[in-house]
Structures are given as C-alpha cells and as structure tokens.
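Thanks for coming, everyone. I'll walk through one structure and keep it short.

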2 protein chains.
Amino acid sequence: MQIAITGGCGFLGHRLARALLADPRVERLVLADVAPARPFPEDARVALLRADLSQAGMAESVAEGADVIFHLAAVLSGQAEADFDLGMSVNVDATRRLLEAARAGGRRPRFVFASSLAVFGPPLPPVITDDTAVHPHSSYGAGKAVGELLVADYSRRGYVDGRVVRLPTICVRPGRPNAAASSFVSGIIREPLHGESAVCPAGPDLELWLSSPRAAIRNLEHAASLSGEALGPNRIINLPGITVTVAEIVASLGRVAGPEVAARVVFREDPVARRIVSSWPARFDVKRALELGFSQDREFEALIREFLEDEAAEKAGRAS
Amino acid sequence: MQIAITGGCGFLGHRLARALLADPRVERLVLADVAPARPFPEDARVALLRADLSQAGMAESVAEGADVIFHLAAVLSGQAEADFDLGMSVNVDATRRLLEAARAGGRRPRFVFASSLAVFGPPLPPVITDDTAVHPHSSYGAGKAVGELLVADYSRRGYVDGRVVRLPTICVRPGRPNAAASSFVSGIIREPLHGESAVCPAGPDLELWLSSPRAAIRNLEHAASLSGEALGPNRIINLPGITVTVAEIVASLGRVAGPEVAARVVFREDPVARRIVSSWPARFDVKRALELGFSQDREFEALIREFLEDEAAEKAGRAS
C-alpha cells in the first residue's frame with residue numbers, strides 16, 4: 001500500500017506518518033511539504049517530497065501511485081486572513097489540482113481531506129449537526145468549505161473515494177505558536193508549562209471545541225480505513241471533540257501543574273484573533289461519527305497530561 | 001452606470017438586458033457570452049463581447065469598469081453531469097477568475113451570482129430554510145455551491161459587494177430544450193402548446209419549485225438594487241417560488257389550453273434526468289427573501305398565460 005500525506009512534515013502530518021509506519025502493509029509513504037524540515041526516523045519506506053502544490057506537476061508527483069492520500073496541507077486561519085491570495089491558492093486551487101491528479105491515475109484512491117470546524121460561523125445554532133449549513137467567517141473556513149464540496153463531488157463521480165473530516169481545534173500542539181488564529185489555545189497551556197507567560201486574546205467565557213492530537217491522529221487513520229459502504233453517500237463527518245471554556249482550560253492547568261503555572265496566562269484582547277475564534281462553534285452532535293467508530297477524548301485534563309507524556313517521550317527519544 | 005452580464009445572450013441574460021435598458025441610468029451594458037447569437041434591439045449602450053471566461057484575459061474584459069456584474073453564465077445541470085471537466089472549468093474556475101477580475105479593478109462592484117436550488121439534495125428536510133446545509137447531488141449543484149462560498153468570502157473581504165440568489169427552476173422557458181436536467185419542466189408546457197408531443201422523464205407525483213421568467217428577472221434586478229446594509233452579512237438568498245407537482249402542471253395546461261393539448265405530454269422514465277431533478281427540493285421557507293422585497297409568483301396557471309403573452313408579444317415585435 002502506498003500512502004501520500006500533504007503537509008506531511010507539519011505537526012499532524014508527522015505524527016500521522018509515525019502512526020502509519022507501524023502498519024507493515026504500508027510499503028511506501030510519501031511526505032509532501034513545502035518545508036520538509038522536521039527530523040524523521042530512518043525508514044526506507046519514507047520518501048520526502050519538497051512540494052509546493054501550486055507549482056506545475058507537484059500535485060501529480062504527490063498523487064502518483066497512491067492508494068491513500070491524506071490532504072492536510074493548508075494555509076492556516078490567521079495567515080489566510082492576512083494573505084487572501086495565498087490562502088485561496090493553497091486551500092482552494094491546490095486542493096482542486098490534487099483532486100485532479102488523484103483522479104488522473106484512475107486508481108480511485110482514498111482521499112482523506114482535513115477540514116475544520118472553521119467552515120461554520122454565526123448565526124450558529126445551539127448544537128451543530130450534519131444538517132447545519134456552513135457559513136464561514138474566515139477565508140480559511142471558506143477555502144475548507146470549498147474543498148469539502150470538491151472532495152464530495154469527485155467522490156460522487158467515482159474519481160476518488162473521499163472522506164472529509166472536520167477537525168476540532170487541536171490541543172495541545174507542541175512547538176511554537178503557528179499561523180492559526182486558534183494558536184493561543186495550545187499556547188496558554190504549553191508556554192506556562194515551559195515556564196513562560198502566554199497571552200490569551202479571548203475572554204475566559206469563550207467556549208472551544210477541542211481534540212487531542214492523539215484522537216485526531218486516530219480519527220484520520222480511521223477515516224482512511226472505513227469502507228465506502230460504511231460511510232454511505234455523505235462523505236463529510238463532524239469529528240468528535242470536547243467542549244471547554246478558556247476558564248476551564250486555565251483551571252485544569254492549575255490542577256495538573258500548580259497555580260503558579262496557571263498564573264502565567266495573561267488575558268489581553270486581540271480583536272482579530274478573537275473575532276475569528278469566537279465565530280467557531282463549540283457544541284456538536286457527533287452521533288454519526290461515534291457510530292462510525294471515530295474516537296472522542298474523555299475529559300480535558302487528560303489532554304494536558306498526554307502533552308506532558310508526549311514531550312517526555314520525545315526528549316527521551318532524542319536523548320537515546 | 002456600467003453593467004456586465006455573463007451568459008448575456010442566454011434566455012435569462014437577454015431578458016435581463018432588455019429590462020435593464022429601460023433604466024436611463026444604465027450608460028453601458030456589456031453582454032458577454034460564448035455565443036452571442038441572440039438578436040438584440042439596437043441600443044448604442046449595448047456592447048456584445050464574445051467571451052469564453054476560461055480563456056486568458058476574458059474575465060478582465062467583462063469586469064473592466066463594471067459597477068454591477070450579473071454572473072449568469074454556467075454549464076447547465078445535464079451537461080455538467082455529462083462533461084465534468086467543462087462543468088468544473090466554467091462553474092468553478094471561471095467564477096473564481098471573474099471574482100478576481102472584479103476585485104482587481106478596486107471598484108468593489110455589485111456582483112450578482114445566479115445560483116440554484118440544485119445546491120440542495122437528499123437527505124432533504126421537509127422545508128428548506130436559510131440554515132439548511134447544501135448537499136449537491138450533481139456536479140452543477142456542487143459548482144454552484146462552490147461559487148456561492150467564493151462570492152460570500154470575496155464579499156466579506158470587501159473585494160466585491162456580492163449577492164447570491166438561488167433560483168428555482170424557471171418555467172416556462174421559450175425556445176428549444178436545453179442542457180438542464182429540468183429542461184422538460186418547460187418542455188411539457190411549451191411543446192404541447194406548439195402542437196408537439198413532449199416527454200416527461202419523471203412521474204406525475206414529482207414536486208417542483210418553480211419561478212416564472214418574469215419573477216426571476218425582477219428578482220435578479222432587485223438583488224442588484226438592494227443596499228449592502230439591507231442584506232447584512234449573509235449574502236445568500238433562497239428566492240421565492242411556487243411548489244407544484246408534474247400532475248398539477250399537466251392539469252393546468254389542460255385548463256388553460258384544453259385537454260387535447262395536455263394529452264400531448266407523454267410519460268417516459270429517464271433515470272438520469274429523474275435522479276437529478278428528484279434530488280432537488282420543492283418546498284422552501286422564503287420569509288427572508290419576501291422581507292427583502294423579492295417577488296413571488298401567485299399561482300401556476302399564470303406562468304402558462306405569461307408564456308403565451310410573451311410569445312405573442314415577441315411575434316408582434318418581429319412582425320413590426
């Protein structure tokens with residue numbers, strides 16, 4: 001089995017790659033990224049492809065021979081709002097180009113598209129269901145919503161075997177802040193744990209819809225493994241998450257790491273980030289996803305503990 | 001005021017152009033079409049532009065100097081299903097190109113995008129509202145849904161002042177059958193009135209959501225004339241229509257033109273056309289559209305009578 005991951009050197013792509021390599025049926029794993037910088041354990045099955053999908057021929061190189069394509073590459077919410085053209089070029093045009101490349105091979109690959117809760121926006125119903133109209137309030141959300149429609153129609157036509165998963169905000173992301181408007185959601189946990197202060201641009205009452213990296217990776221793998229029959233004609237899935245407020249995040253951090261750590265979170269309003277993030281829904285009915293076997297985190301504190309475990313394991317791995 | 005209409009030589013484009021020219025404030029009217037074949041009364045304000053929007057520079061020529069752009073050009077439902085690439089190229093790529101051209105001028109033109117009830121599909125709620133998720137079951141519907149998202153985001157960003165109107169199936173269209181899967185809806189009235197038999201590919205119980213050409217033209221004009229403040233942030237409007245069954249259409253035809261005319265409708269199943277058309281909704285809550293001042297037909301028989309009047313007027317016009 002040959003698998004390709006766009007954004008394969010990003011945080012989720014890299015974690016997904018590690019998980020996929022545990023499966024001996026994977027014969028070749030192509031990690032395509034504009035910046036394949038992340039170190040990777042040596043595995044003869046891995047091929048790094050420095051690919052800007054907006055350049056001629058790159059989508060074809062990614063799709064060639066692939067049985068499964070995970071399309072994770074995207075210009076994130078903050079950046080797509082700051083640079084409209086770049087966002088459209090990657091989030092819309094490159095997705096269309098990759099679908100064309102996947103179709104051209106005639107292999108009808110499974111095509112897992114990472115969409116986002118950002119396709120939704122006000123006026124929001126109390127709970128998002130499978131029947132809720134998308135109404136993006138960011139160019140990132142608009143681009144993802146376009147991608148969803150394309151994947152769905154290419155699937156209906158039999159050109160790819162598509163699966164669209166709408167990811168919650170991922171928390172806790174390791175590393176440094178990124179270009180997502182939701183970057184602070186991880187930052188207000190990660191930075192205080194590292195002894196640094198962190199700015200929260202939204203108020204304590206803001207509700208968020210979160211997924212751990214572990215659940216997100218399990219769910220991306222699960223999306224690829226489900227049969228088309230199990231999925232049926234509707235290929236768009238609201239993934240499970242948990243609803244927490246910023247206040248609950250800070251309180252959980254205090255319980256796990258101590259009040260002096262939680263005190264490193266500084267509230268300072270940022271109208272742009274706040275506007276984008278507060279346009280996203282925090283409550284979903286994910287009955288269908290659970291029936292299809294997707295995973296759900298149990299409680300928020302576990303997300304902090306898992307982050308600490310993963311960080312310790314990574315340090316141990318580097319030291320060995 | 002300068003106005004451009006893509007698909008300006010199609011049936012709706014031509015009627016819209018005639019209506020717009022009655023307004024002396026219109027200084028220039030660009031009618032762009034791949035086949036500008038329809039005869040047009042001489043009016044020094046009209047410029048015909050033979051434009052394939054997928055060719056370089058064409059979108060720019062259409063948008064140049066325009067205060068209002070009506071984007072009606074599309075590959076219709078039957079044809080987009082038969083030729084996926086053509087449908088995507090026109091309905092998705094050319095719409096994006098035209099939006100870019102409209103943005104490039106920096107004039108923030110009003111951009112009226114003709115969308116369609118075909119963005120919806122099963123599973124359908126009993127009544128479509130503004131909050132119903134699109135779920136296209138045709139490549140035409142998928143392309144229109146993508147166009148809607150693009151117009152909405154270009155508007156949110158302030159690049160165009162967009163208005164998306166989801167048109168019901170237009171009935172009665174004059175002329176010959178076209179490439180829309182719904183072409184028969186007009187055909188089973190028009191052809192019998194002309195003494196010919198007409199095939200109905202769907203059963204008598206099929207419900208349809210219809211608009212007269214007159215209401216559609218009024219509503220396109222109204223969409224352009226509304227202020228951005230009146231519309232608010234949600235730029236997508238389900239236009240009013242009326243719900244009728246095929247059986248009611250045939251019965252109305254009998255009442256208006258006599259039972260021998262209605263007897264010219266022949267029922268013969270066509271699985272492709274039936275599948276597409278029966279995936280479309282027939283019942284909408286159009287409260288918002290009515291509050292915004294959009295027009296609604298009163299009853300179905302009037303659509304047949306208006307068709308006969310328009311045909312008589314056109315013959316008289318040609319004879320004079």
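**Strands, core, domains and the chain contact**

Let's start in the middle of a sheet. Seven bridges join β5 of chain A to strand β6, residues 161-167, of chain A, and the two run parallel. One pair to find on screen: A:V112 has A:R163 as its bridge partner in β6(A). Keep in mind that this is a predicted model.

β5(A) has another partner. Strand β4 of chain A, residues 68-71, pairs with β5(A), in the parallel sense, over four bridges. There, A:I69 is bridged to A:F111 in β5(A).

On one side, A:R110, A:V112, A:A114 and A:S116 are all buried. On the other, A:F111, A:F113 and A:S115 are buried as well. Both faces are covered.

Now a second sheet. This one is open, with three strands in the order β7-β9-β11 of chain A, and the pairing is mixed. β7 (169-170) and β11 (242-245) of chain A stand at the edges, each with a single partner strand, so one side of each is left without a neighbour in the sheet. β7(A) pairs with strand β9 of chain A, residues 207-211, in the parallel sense, over two bridges. A:T169 finds its bridge partner in β9(A) at A:L210.

On to the core. Which residues touch the most other members of the largest nonpolar core? A:V62 and B:V62, out of 206 residues in that core. Take the chain B copy. Leaving aside neighbours within four places in sequence, B:V62 is in contact with B:A4, B:T6, B:V30, B:A32, B:L49, B:A51, B:L98 and B:A101.

Next, A:S61. This serine is found in helix α2 of chain A, residues 58-63. Is A:S61 buried or partly exposed? Partly exposed, because 16 other C-beta atoms lie within 10 Å; buried would take 20 or more. Not counting residues up to four places away in sequence, A:S61 touches A:L49 and A:A51. For a sense of span, the C-alpha atoms of A:S61 and A:F284 are separated by 37 Å. Those two are 223 residues apart along the chain.

Domains now. In chain A, the assignment gives domain 1 as 2-167 + 213-240, and domain 2 as 183-206 + 243-282 + 298-319. The centres of the two domains of chain A, taken over C-alpha atoms, are separated by 26 Å. Across the boundary in chain A, 13 residues of domain 1 are in contact with six residues of domain 2. Helix α3 of chain A, residues 77-82, gives the largest share of the domain 1 side, with three residues. By class, that domain 1 side has six nonpolar, five polar and two charged residues.

The same surface serves both copies, as 100% of the contact residues of chain A recur in chain B.

Key
Residues numbered from 1 in each chain as written. Chains lettered and ligands numbered in written order. Predicted model: local features only at pLDDT ≥ 70, side-chain atom pairs only at ≥ 80, totals over all residues. Core = buried A, V, L, I, M, F, W, Y, C linked by C-beta atoms within 7 Å. Buried ≥ 20, exposed ≤ 12 C-beta atoms within 10 Å, placed from the backbone. Contact = placed C-beta atoms within 7 Å. Domains from an automatic or database assignment. Nonpolar A, V, L, I, M, F, W, Y, C, P; charged D, E, K, R; others polar. Pairing = 2+ DSSP bridges.
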